[in-house]
Amino acid sequence: MNRNNLGILQPQEIDEVRDRNTASTGEPDPNSHERLIPFCGPRQSRGLASGVDTAIAPGGILHGMATITRVRAIRTRADGTWVIVKIETNQPGLYGIGSASDHYRAGVVVAAINEVLAPKLVGRDTADIEDIWQSTLTSGYWRQDSVMGTVIAGADMALWDILGKEAGLPVYRLLGGRCRAAVPVYAHAAGNTIDELIADVQHYINDGWVYIRCQLGAYGGGGFLEPASPGEGGRPRASALRAPFDTTKRGAFDDEAYLQNVPEMFGALRQHFGYGPKFTHDVHEHLRPHQAVALAQALEPHRLFFVEDILPPEHVAYYRHIKQICTTPQAMGELFINSAEYLPLIQDRLIDYMRIRVSKAGGITPARKIANLCEFYGVHTAWQEGGDNDPVNQLAAYHLDLASWNFGIQEENHFTDGELAVFPGHAVTERGYMYGNEAPGLGVDIDETAAANLFDATRAAQPRFMAEDRRADGSLVRP
Ligand code: MG
């Protein structure tokens, strides 16, 4: 057997070894001393080894590796913000799908899939999930940016989907099997007044929900001053920053108002509902850091399940102050895209719930590592979902939830019937619990005709930007 200086078998030699190991029974010989060394390069020059059974055996195992033949983006949702990666293989009917949705940069993601991901992956063995992740990550030298992280995640989920289909197993079983019967999710309750909020919370409790996020209107609600005439109430008469901000139409955000109203809101909720419901709240990074510390302390008597994003990513060092003065559980992570951001928070036990979005973490491969790391530090997972996400990302999180002992909670999603019709096999949420299915892989598919019918090209062509909240002087509040 000729090997190169690295001891790596060449493609033809791998096929020869596989032929010998499978010659008698069609099954790999577990006693063979001649182990296959994975070849990680493109396979264009070789086909599947002759004599290898590529059919799915009664046990559900596909013998012989599948090769990626096509990678493409499917853009859907009426506003075009959902991007699904589809990886096709040389095995008849074998493909996988993954989520690469980015609410604000969908067109950029599609371009990256077509121009970077597809040429990088075609020809690779689908089973080389870890190596594909690592080599795609560094393929542009700079790494772990938001767009490419999402693109890699789409491919990664699709490859896990394929692996599950090959094995005849749902992905959670490949990750170690289930730790729980179903996945608890938290609801989103909101009201512009406390009475409206109490009514919405009651609606969820009546439907069996236990975990409920409580907001006074939109993000920052409770902190917006009443709209005022220009120059009134100590606000500037005119400003170049007034467009698009105008205090006559939209209230200015005020840290002190928020710090007053949100604890009062939870006081009213606890008085009405007691301590049975598990309440959360999302600050959405609106506060100045020292005000965030004060809010965490003020919320302590109301015993939240967690408060989310009380600090922006730029000021996570203030978590150390929060942890020194109160026990209000802290959740953060939905803006994180690389390990340098979350590692210090985990290893110093500065947060209690890790809220990275699976598709922004880079997919199931890194998310599984993050979950495992968090377990050792007593941090729980709370993968981010919510309004922007698609049913594929939801199920990727679901499989991690089932298999992670240190799972804490998952965020709910809101999908229309028309959106769900695009994704046969989508998850179902009942009485605060989410259920997937036992189909091999992620368990969800995409109906491409329905996806195309849902897509509105005119809406999708519109640029999308994060909403801007501003303080009374016109300065931007970082969301
Ligand atoms: Mg959030």
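**Entry 1: the whole chain.** I start with a definition. I call a residue buried if 20 or more other C-beta atoms lie within 10 Å of its own, and exposed if 12 or fewer do. By that rule, 42% of the 479 residues of the protein count as buried. I keep in mind that this is a predicted model.

Next I looked up the secondary structure. I found 16 helices and 15 strands in the protein. Residues 24 or more positions apart account for 72% of them.

**Entry 2: confidence.** How far can I trust the coordinates? The mean pLDDT of the protein is 87. I also noted that 82% of its residues reach 70 or more. Over residues 1–11, pLDDT stays under 50. The model has 14 contacts beyond four places in sequence for residues 1–11. Over residues 20–63 the pLDDT is also below 50. That stretch has 59 contacts in the model beyond near neighbours in sequence. Where pLDDT is low, predicted coordinates should not be read in detail. I move on to other parts of the chain.

**Entry 3: α2 and α4.** At what angle do the axes of α2 and α4 cross? Helix α2 covers residues 106–121, and helix α4 covers residues 146–167. I find that their axes cross at roughly 55 degrees and come within 10 Å. The two helices are therefore oblique to each other. Their crossing is right-handed.

I then listed who meets whom. From α2 come V108, V109, A112, I113, V116, L117 and L121. They meet V147, M148, T150, V151, G154 and A155 of α4. I sorted the residues of this contact by type. They divide into 11 nonpolar, 2 polar and no charged.

**Entry 4: α6 and α7.** Helix α6 spans residues 194–206, and helix α7 spans residues 255–273. Their axes are 11 Å apart, and the helices pack at an angle of about 45 degrees. So α6 and α7 are oblique to each other. The crossing of α6 and α7 is right-handed.

Which residues make the contact? On α6 I found I194, L197, I198 and V201. On α7 I found M265, A268, L269, H272 and F273. The residues of the contact of α6 with α7 divide into 8 nonpolar, 1 polar and no charged.

I also checked D195, which has its place in helix α6. Is D195 buried or exposed? It has 11 C-beta neighbours inside 10 Å, so D195 counts as exposed.

**Entry 5: G164 and P440.** G164 lies in helix α4. With 23 C-beta neighbours inside 10 Å, G164 counts as buried. What does G164 touch, not counting residues up to four places away in sequence? My list reads L169, P170, V171, L174, P440, G441 and L442. I also compared G164 with A439. Their C-alpha atoms are 8.8 Å apart, yet the two are 275 residues apart in sequence.

P440 came next. I found P440 in the loop between β13 (433–435) and α15 (448–454). P440 is buried, with 20 other C-beta atoms within 10 Å. The C-alpha atoms of P440 and K165 are separated by 4.7 Å. Along the chain, P440 and K165 are 275 residues apart. I left aside the neighbours of P440 within four places in sequence. P440 is then in contact with G164, K165, A167, G168, L169 and P170.

**Entry 6: positive phi.** Where do I find Y141? Y141 sits in the loop between α3 (129–137) and α4. Y141 is not a glycine, yet its phi is positive, at about 70 degrees. Y141 is exposed, with 5 other C-beta atoms within 10 Å.

R349 also went into my notes. Its phi is positive, about 55 degrees, although R349 is not a glycine. I found R349 in the loop between α10 (339–347) and β9 (353–354). R349 has 12 C-beta neighbours inside 10 Å, so it counts as exposed.

Definitions and conventions. Residues are numbered from 1 along each chain as its sequence is written. This is a predicted model: local features need pLDDT of at least 70, side-chain atom pairs count only at pLDDT 80 or more; totals for chains, interfaces and linings use all residues. Helices (H or I, at least four residues) and strands (E, at least two) are DSSP runs, numbered from the N terminus. Two residues are in contact if their C-beta atoms, placed from the backbone, lie within 7 Å. Axes are lines fitted to C-alpha atoms, for helices over the stretch in contact, and angles run from 0 to 180 degrees between N-to-C directions. Angles under 35 degrees count as roughly parallel, over 145 as roughly antiparallel, 65 to 115 as roughly perpendicular and the rest as oblique. A crossing is left-handed if the near helix is turned anticlockwise from the far one by less than a right angle, and right-handed if clockwise. Ala, Val, Leu, Ile, Met, Phe, Trp, Tyr, Cys and Pro count as nonpolar, Asp, Glu, Lys and Arg as charged, and the others, Gly among them, as polar. pLDDT is the predictor's confidence in each residue, from 0 to 100.
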